[in-house]
Amino acid sequence: MFVSKNLAVNEKDHLTIGGIDTVELASKYGTPLYVMDEDLIREHCRSFKQSMDRYYGGEGLVCYASKAFCCKAMCKIMMDEGIGLDVVSEGELYTAASVGFPMDKVCFHGNNKTDEELSLAIEHKVGRIIVDNIFELERLNKIALKAGVKANIMYRIKPGIDAHTHDFVRTGQIDSKFGFALETGEAFEAVKKAISLDNINFIGVHCHIGSQIFDIDPFVHAAEVMIGFIEKIKNELNYEIKELNLGGGFGIKYTEEDTPVAYDKYMEKVSEKVKALCGEKNLKLPFILIEPGRSIAAPAGITLYTVGGIKNIPNIRTYVSIDGGMCDNPRYALYKSKYDVVVANKASAPKDNVVTVAGKCCESGDLIGEGMPIQQVEAGDTLAVLATGAYNYSMSSNYNRIPKPAVVMVKDGGSRVVVKRETLDDIIRNDLE
Ligand code: LLP
């Protein structure tokens, strides 16, 4: 009935998440409210790990892409599940470090890391720094020399794969700001340079072809291209690549239109390809890393709002206004992303209305969605937007000086705040007169 399996309807006809009544959550913690289901997050982590075990003999590491949703509690869950972390800024690295995350399981990304970030990564002994360009490589070599260490690095490679997804979340094609190009020879020259440097330990290659991808073929193709590159490095430079990081990007179900593939299938097909090619080319099987973000966090989360004014413009549309908007969920404004909505206090009623859900920001484009099927809705209702666990809180802003909502985690029939709601004092905290 719902896009995520942790959602149901109770005897009061209220939407539940992880068995907890969402209308009660809204009244206990206030709205807007992000709610995450810890058990489902953990289940996703285990599915990825198990598929790595089943199809690749456990010779790999699943790293959660923390850009999807990062806070101390989330880092702790990943730590507890034996999952690594993909971080992309000093802020994410600092959050991980603050809970004592094992730094050997951290991959540090970014296409324009600062010296401060590189130094922090060295200081924390981050397991893998994913180097994006030569400018970064040279600076990192100097920083590592100063610290008297060798930095473990992988290169971000553009494999030239055009996965069918939104333009802004496509990253593996030739015209991308991320990484080294293969087809121009840029990546190969860069490898020669990396292995010649004293304070660099070049351990592997990385690619990430995009996000919210449903097809398995582009992932398999990317693995094929990367193994081809590993082979070239071995044959022409007599250098063995130990690790292959295939990034994230696995699609999830936001609406009934979406048809994601089980993670198992992804790992099965990719493992088959990697093993077959390595056998054929007489290469040692690389240790594989994957970096799912959305697929771990998104289905586990919902956002609860309170419905305010409703404006019916005859023959045009009905606007249903909520007490949040693009400040807590900018994805419709950015990508025209589609969501399912449910009136949480009449969750099983038929969705026989079609509305535009509008936020409260001072901007016409501040919408959660248009043409959204929904139950009869009135002011004071609790509205749930589903599958908002990834790239919602993490991309939220204080636009219009609106404080960010709290994040509540549900587990075992209970709930707890894992990120406090911002206050008005937080809004002026850094202002000086
Ligand atoms: N690894 C790297 C290097 C990445 O750049 C990303 C996402 C991931 C892993 C995780 O991808 P995922 O499994 O979550 O698809 N803000 C956009 C998504 C941007 C994704 C950026 N990189 C959105 O809201 O759809």
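Analyst: Gladly! Rings of Phe, Tyr and Trp pair if their centres lie within 6.5 Å. Planes under 30 degrees apart count as stacked, over 60 as edge-to-face and the rest as tilted. Keep in mind that this is a predicted model. By that rule, the structure holds eleven aromatic pairs.

User: What describes a pair of aromatic rings?

Analyst: The distance of the centres and the angle of the planes describe it. Take Phe69 and Tyr393: their centres are 5.7 Å apart and their planes make 80°, an edge-to-face pair. This pair links distant parts of the chain, 324 residues apart. Phe69 sits in the loop between β5 (60-65) and α3, while Tyr393 sits in the loop between β19 (382-386) and β20 (406-411). Phe69 is buried, because its relative accessible area is 1%, below the 20% cut-off.

User: How many degrees lie between the planes of Phe219 and Phe250?

Analyst: The angle is 45°, with 5.2 Å centre to centre, so this pair is tilted. Phe219 belongs to helix α8 (residues 217-237) and Phe250 to the loop between β12 (243-245) and α9, so the pair ties together parts that are 31 residues apart in sequence.

User: Which residues form one aromatic cluster?

Analyst: Phe48, Phe219, Phe250, Tyr263 and Tyr266 do. Charged side chains can be read against rings too. Arg139 lies over the face of Phe135, at 4.3 Å from the ring centre. Lys232 is placed over the face of Phe188, also at 4.3 Å from the ring centre.

User: Which residues of helix α3 are buried?

Analyst: In α3 (residues 72-80), the buried residues are Ala73, Met74, Cys75, Ile77 and Met78. After α3 comes Gly82, which has a positive phi, near 75°.

User: Is Ile316 buried or exposed?

Analyst: Ile316 is exposed, because its relative accessible area is 64%, above the 50% cut-off. Its place is in the loop between β14 (301-313) and β15 (317-322). From C-alpha to C-alpha, Ile316 is 48 Å from Ala181, and the two are 135 residues apart in sequence.

User: Finally, what radius of gyration does the chain have?

Analyst: The chain has 23 Å. A compact globule of 433 residues would have a radius of gyration near 22 Å, so the value agrees with that expectation. Along the principal axes, the C-alpha atoms fill a box of roughly 70 × 55 × 45 Å. Buried residues make up 56% of the 433 residues, and the chain has twelve helices and 21 strands.

Notes. Residues numbered from 1 in each chain as written. Heavy atoms only, no water. Helix = DSSP H or I, 4+ residues; strand = E, 2+ residues; numbered from the N terminus. Buried < 20%, exposed > 50% of the residue type's maximum accessible area, 1.4 Å probe, protein only. Phe/Tyr/Trp six-rings, centres within 6.5 Å; stacked < 30°, edge-to-face > 60°. Lys NZ or Arg CZ within 6 Å of the ring centre and 35° of its normal. Rg over C-alpha atoms; globule rule 2.2 N^0.38 Å.
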